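Please go through the briefing below with the structure open beside it.

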Amino acid sequence: MEEKRNYTLKIWRQKDANDKGGFVTYPLNDISTDMSFLEMIDVLNEKLIADGQEPVHFDHDCREGICGMCSMVINGKPHGPKDAITTCQLHMRSFDHGVTITVEPWRAKAFPVIRDLVVDRTSFDRIIQAGGYVSVNTGGVPDANEIPIPKKIADDAFDAATCIGCGACVAACKNASAMLFVSAKISQLAMLPQGKVERASRAEDMIAQMDEEGFGACTNTGACSAVCPKEISLEHIARMNREYFTAKFTAKKS
Amino acid sequence: MILDAKVPAGDLADKWKNHKFNVKLVNPANKRKYEVIVVGTGLAGASAAASLAELGYNVKAFCFQDSPRRAHSIAAQGGINAAKNYQNDGDSVFRLFYDTIKGGDYRSREANVYRLAEVSVNIIDQCVAQGVPFAREYGGLLANRSFGGAQVSRTFYARGQTGQQLLLGAYSALSRQINTGKVEMHSRKEMLDLVVVDGQARGIIVRDLVTGEISSHSAHAVILATGGYGNVFYLSTNAMGSNVTAAWRAHKKGAFFANPCYTQIHPTCIPVSGTHQSKLTLMSESLRNDGRVWVPKKEGDTRKPKDIPENERDYYLERKYPSFGNLVPRDVASRNAKYACDEGRGVGSTKLAVYLDFADAIKRDGKDTIAAKYGNLFDMYQQITGENPYETPMRIFPAVHYTMGGLWVDYNLMTSVPGLYALGEANFSDHGANRLGASALMQGLADGYFVVPYTIGDYLARMPYDKIGTDHPAFKEAEHQVKEKISQLLSINGSKTVDQFHRELGLIMWDNCGMSRNAEGLKEAKTKIKSLRDDFWQNVKVLGEAGQMNQSIEKAGRVADFLELGELMIDDALDRNESCGGHFREEYQTEEGEAKRNDEQYSYVAAWEYKGKDQAESLHKEQLEFQNVKLTQRSYK
């Protein structure tokens, strides 16, 4: 049943990329346990505006866990305390009455803060642009059922393809590594017959771009997979490493 | 002015083939001399931008999100239709065409719908070639399922995330073109005006949402793929950022807005829990394949669902529609849920919900089978409501989901402004008064991959290579107006937040222009919206500065446009003295309470022309002609 609870919020406020930024504390009362976490921030923002203060800026869009836009580190954990969900799917019934909740942006060199909790994740787009696709033009492709794919492989590829590109993996990693994100795409396409043609150049190009963006190295701690709202498995990092080494040792980049 | 839909002559089945042959072509070497702006990067926008760039055009793509991959197409769950007939169950292009026309309650254009059905098969081929992981059978071939309102299995799907997988496919194609330099991508930029020079669309004005900078972009043609306007209701299944601004500003620059009152209310959404509610979550209607909808027979029954015996339950869809049962189309399912609640038989604390019960399906197929089909949806439900749907029935209620209306386009998808195109949900073209399940993804990708790449060439081939410079007075004037509007919003410093206005507008629209409408309510709503709009411009509070990221300015501009659109929706609903599809006028119903069309007087597309601030818009009618289907009363009994 619905209850009302009180909280103390410690939220990161930063006017722009050049501002040093810092935590600001806001008490917030009478929050319904049925509210989503972002609805709780909406309530705070309405109060701030009424008081003549600028609202907390944050990224969000679909509010159903699929667009990958919301991005808050809550009490030190990307997307908050619960597993396998995004910030927007978190509800206030998960927070006890009277607790203090700390909210920060993703923190990584390759994700600079734009304002408050909003960060720039275009580095992810550039990694996909480097090779995260099958090079086919519109039209002139074979009938869909001319490419049979074993169900097991299709399902495994799907598991990798569910990545929403939110960046929680990077935010959780002590090295701000993007290996889980990059491996999900490399792995999806390496498993499927459509993607095999370009597997070598894809692995090389995407990893080169990843390094250029300033993401850190992987030390296999697995924090990325633990916070991933789509539970992308570390297996994909293993497969990416294999793809990469195979490419480096055997293939000639065309 | 007479609206010319430019439908090609000839037999229905040959129109598109002949048209593709008859349109002018731009020779490959000349394509690089043309530039096209694409606004929006959902299924329609991303597929169009990628396909046009592959052909050799220079493309500039814009989205307001931080990445093109975030567009709201990503949230579509159920699937995408295609007339592949892989299941050998009698499907065909004509049957998909027929179902779509009938499902749209005979308020769409035959030729467009036929073309949609025709290219549907190419879409699946294209997506598979891109590596989209559709569901497969053990033999390695593609799986299909049946979907709301269809009696064949023609829906392709990727678990409950079909939209995500299709969008990521289109996003990957777009990314590839960005890499080649053929597409210049601008994310976190919002279109705030269309620039028209000598009657032709020649560019747009955008605001950089990070720096606040206003800039002009010139091109030979402009494509709007900016989605629907469901957020005029405040609460909808749309993403928080989904808005009508690009389409509305284009409307004010001369693009006619068609059938704005056609709104789809989706029957299976999670009910509102309180005033804090910011959006509504859809549960895929595939759930209706196994779930049974019911309410208590008795009014005001407060017992727990498990305490209500079988003979005191009313499975009203199965009772009223024995042949389609729980699978009736969306408008019918939604309206009947409303009736049950209006009769005082709603369930849950708000009494604005009905049950969707899986107990029988779990008994029949086992919990594991149901979990394999709907596990992610059940988890999502539990996450939001705190209730376990394996043990207690889900509570569902209809919510605004899709808008069939949109910018008027001809057969080429060109609006009434030459050089301005509208694709996907942003146009009005294919779904008539009601959209069938798994058709939105189909239309978005059809428009972007397979229609506009052909039709835009016919226009560009007649254009000179020279672009109009952004120093042209038309650009300067438009920039100036955009800046003025922003300073005005910032200078009001009133006492109500943007969200407060938006919420009030949403309630007016939902109560009077939602699942059912009547003339009296509509007239009242019109007055209320007018005064709310006046209040907005005197009393809204928008803080901060223009020259930085300012989410309040973004919202304020969008709500200002919704406040204008809402009134047009009301006008359109008032004009249409009949019921059809999602537009249900209480005055016009059959004895059994079903929508009663008036084909003699209302078989037209209502295309509205903007006439200036505070002027009534003028109505242009495009008569719909049906030569290949017989108009019948839609019956799902």
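What share of the 254 residues of chain A count as buried? The share is 52%. A residue is buried if 20 or more other C-beta atoms lie within 10 Å of its own, exposed if 12 or fewer, and partly exposed in between, with C-beta atoms placed from the backbone. This is a predicted model, where local features need pLDDT of at least 70, side-chain atom pairs count only at pLDDT 80 or more, and totals for chains, interfaces and linings use all residues. Residues are numbered from 1 along each chain as its sequence is written, while chains are lettered from A and ligands numbered from 1 in the order in which they are written.

**Chain A overall**

- Chain A has 9 helices and 7 strands. These are DSSP runs numbered from the N terminus: helices are H or I with at least four residues, strands are E with at least two.
- Along the principal axes, the C-alpha atoms of chain A fill a box of roughly 60 × 40 × 35 Å.
- Of the contacts in chain A with a separation of 6 or more, 71% link residues 24 or more positions apart. Two residues are in contact if their C-beta atoms, placed from the backbone, lie within 7 Å.

**Domains of chain A**

- Chain A is divided into domain 1 (4-115) and domain 2 (121-249). Domain bounds come from an automatic or database domain assignment.
- The C-alpha centres of domain 1 and domain 2 of chain A lie 29 Å apart.
- Across the boundary, 18 residues of domain 1 of chain A are in contact with 17 residues of domain 2 of chain A.
- The side of domain 1 of chain A that touches domain 2 of chain A has 10 nonpolar, 5 polar and 3 charged residues. Ala, Val, Leu, Ile, Met, Phe, Trp, Tyr, Cys and Pro count as nonpolar, Asp, Glu, Lys and Arg as charged, and the others, Gly among them, as polar.

**Where chain A meets chain B**

- The contact takes 67 residues from chain A and 63 residues from chain B.
- On chain A, the elements that give two or more residues to the side touching chain B are α1 (37-50), β6 (113-115), α2 (122-129), α3 (151-161), α5 (179-191) and α6 (193-196).
- α1(A) gives the most to that side, with 7 residues.
- By class, the side of chain A that touches chain B has 32 nonpolar, 19 polar and 16 charged residues.

**Domains of chain B**

- The assignment for chain B gives domain 1 (265-401) and domain 2 (473-598).
- Their C-alpha centres lie 30 Å apart.
- 6 residues of domain 1 of chain B are in contact with 6 residues of domain 2 of chain B.
- Helix α9 (residues 330-342) of chain B gives the most to the domain 1 side, with 4 residues.
- The residues on that side of domain 1 of chain B divide into 2 nonpolar, 1 polar and 3 charged.

**Three-stranded sheet in chain B**

- Strands β6-β7-β8 of chain B form an open, antiparallel sheet in that order. Two strands pair if DSSP finds at least two bridges between them.
- β6 (189-197) and β8 (214-218) of chain B each have a single partner strand, so one side of each is left without a neighbour in the sheet.
- The twist averages 25 degrees from one strand to the next. Axes are lines fitted to C-alpha atoms, for helices over the stretch in contact, and angles run from 0 to 180 degrees between N-to-C directions.
- 8 bridges join β6(B) to β7 (residues 200-208) of chain B.
- L194(B) has I204(B) in β7(B) as its bridge partner.
- Helix α13 (residues 473-492) of chain B lies across β6, β7 and β8 of chain B, at about 140 degrees to β6(B).

**Five-stranded sheet in chain B**

- The order in this open, antiparallel sheet is β11-β15-β14-β12-β13 (chain B).
- β11 (263-269) and β13 (313-314) of chain B are the edge strands, each pairing on one side only.
- 2 bridges join β12 (residues 292-296) of chain B to β13(B).
- V295(B) has D314(B) in β13(B) as its bridge partner.
- α9(B) packs on the sheet, touching β11, β12, β14 (354-357) and β15 (394-403) of chain B. Its direction makes about 65 degrees with that of β11(B).

**Positive phi**

- Most residues other than glycine have a negative phi.
- Phi of N220(A) is near 55 degrees, a positive value. N220(A) sits in the loop between α7 (199-212) and α8 (223-227) of chain A. N220(A) is exposed, with 10 other C-beta atoms within 10 Å.
- N85(B) also has a positive phi, of about 55 degrees. N85(B) is in the loop between β3 (80-81) and α4 (93-103) of chain B. N85(B) counts as partly exposed, with 18 C-beta neighbours inside 10 Å.
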